[in-house]
Amino acid sequence: MNPLILNFRGNALGQLRRYDEAVEDYEEATQIFDADGEVRQASLSRANTGLALFGAGREAEAQLIMEKVVRNDPGVTDAHVALAAWYWANGRVPEAESQWQFACEQIDSGCQAYKDMKWVSE
């Protein structure tokens, strides 16, 4: 199957709060992108996996996935922001600030969109 379609379906499942099913689609898409040597697309799919795991309440797994994303492809803003939020919520303030600062200052897309609560909630 086309991995982009899997990502789109995972997004739809996530919107329906069917996070475990979304994880399956994102993981399959990640495997295909990895096999095709599509590093950025694999990283984005992997970050989507992490976001869906957070949604499913599987925080330990999500944290590990997001840490892998920022380690292997530090330009994925969503992963830094998600980690910043998780670290902050878990009292790991220095790590949260470090991730937020990296997202805001070291990545071209920056963090401006994440300051818009309407955009974030959608």
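Where does Arg17 lie? I found Arg17 in the loop between helix H1 (3-15) and H2. Helices here are DSSP runs (H or I, at least four residues; strands are E, at least two), numbered from the N terminus.

Before going on, I noted that the model is predicted, that local features need pLDDT of at least 70 and side-chain atom pairs pLDDT 80 or more, and that totals for chains, interfaces and linings use all residues. Residues are numbered from 1 along each chain as its sequence is written, and side-chain values use heavy atoms, with hydrogens and water left out.

**Arg17**

I looked up the backbone of Arg17 and read a phi near 65 degrees, a positive value in a residue other than glycine. Arg17 has a relative accessible area of 64% and is therefore exposed. The cut-offs are under 20% relative accessible area for buried, over 50% for exposed and partly exposed in between, with a 1.4 Å probe and protein chains only.

**Core**

I then turned to the largest nonpolar core, which has 19 residues. Such a core is a set of buried Ala, Val, Leu, Ile, Met, Phe, Trp, Tyr and Cys residues joined through side-chain atoms within 4.5 Å. Phe54, Met66 and Ala79 have the most contacts inside this core. Two or more residues each come from helix H2 (19-35), helix H3 (39-55), helix H4 (59-72) and helix H5 (77-89). H5 gives the largest share, five residues. In soluble globular proteins, nonpolar side chains tend to be buried together.

I listed the contacts of Met66 (heavy atoms within 4.5 Å), not counting residues up to four places away in sequence. Met66 touches Ala47, Gly50, Leu51, Phe54, Ala79, Ala82 and Leu83.

Is Ser43 buried or exposed? Ser43, in helix H3, counts as buried because its relative accessibility is 4%. Leaving aside neighbours within four places in sequence, I found Ser43 in contact with Val69, Asp73 and Val76. I also checked Ser43 against Gly14: they are 29 residues apart in sequence and 18 Å apart in space, C-alpha to C-alpha.

Thr49 lies in helix H3 too. Its relative accessibility is 3%, so Thr49 counts as buried. With neighbours within four places in sequence left aside, the contacts of Thr49 are Val23, Tyr26, Glu27 and Thr30.

**H4 against H5**

I read a packing angle of about 140 degrees for H4 and H5, with axes 9 Å apart. Axes are lines fitted to C-alpha atoms, for helices over the stretch in contact, and angles run from 0 to 180 degrees between N-to-C directions. H4 is therefore oblique to H5. Angles under 35 degrees count as roughly parallel, over 145 as roughly antiparallel, 65 to 115 as roughly perpendicular and the rest as oblique. From H4, the contact takes Glu59, Gln63, Met66, Glu67, Val69 and Val70, and from H5 it takes Ala79, His80, Ala82, Leu83, Trp86 and Tyr87.

**H5 against H6**

At what angle do H5 and helix H6 (residues 93-105) pack? I read about 160 degrees, with the axes 8 Å apart. H5 is therefore roughly antiparallel to H6. On the H5 side I noted Thr77, His80, Val81, Leu83, Ala84, Tyr87 and Trp88. These meet Val93, Glu95, Ala96, Glu97, Gln99, Trp100, Phe102 and Ala103 in H6.
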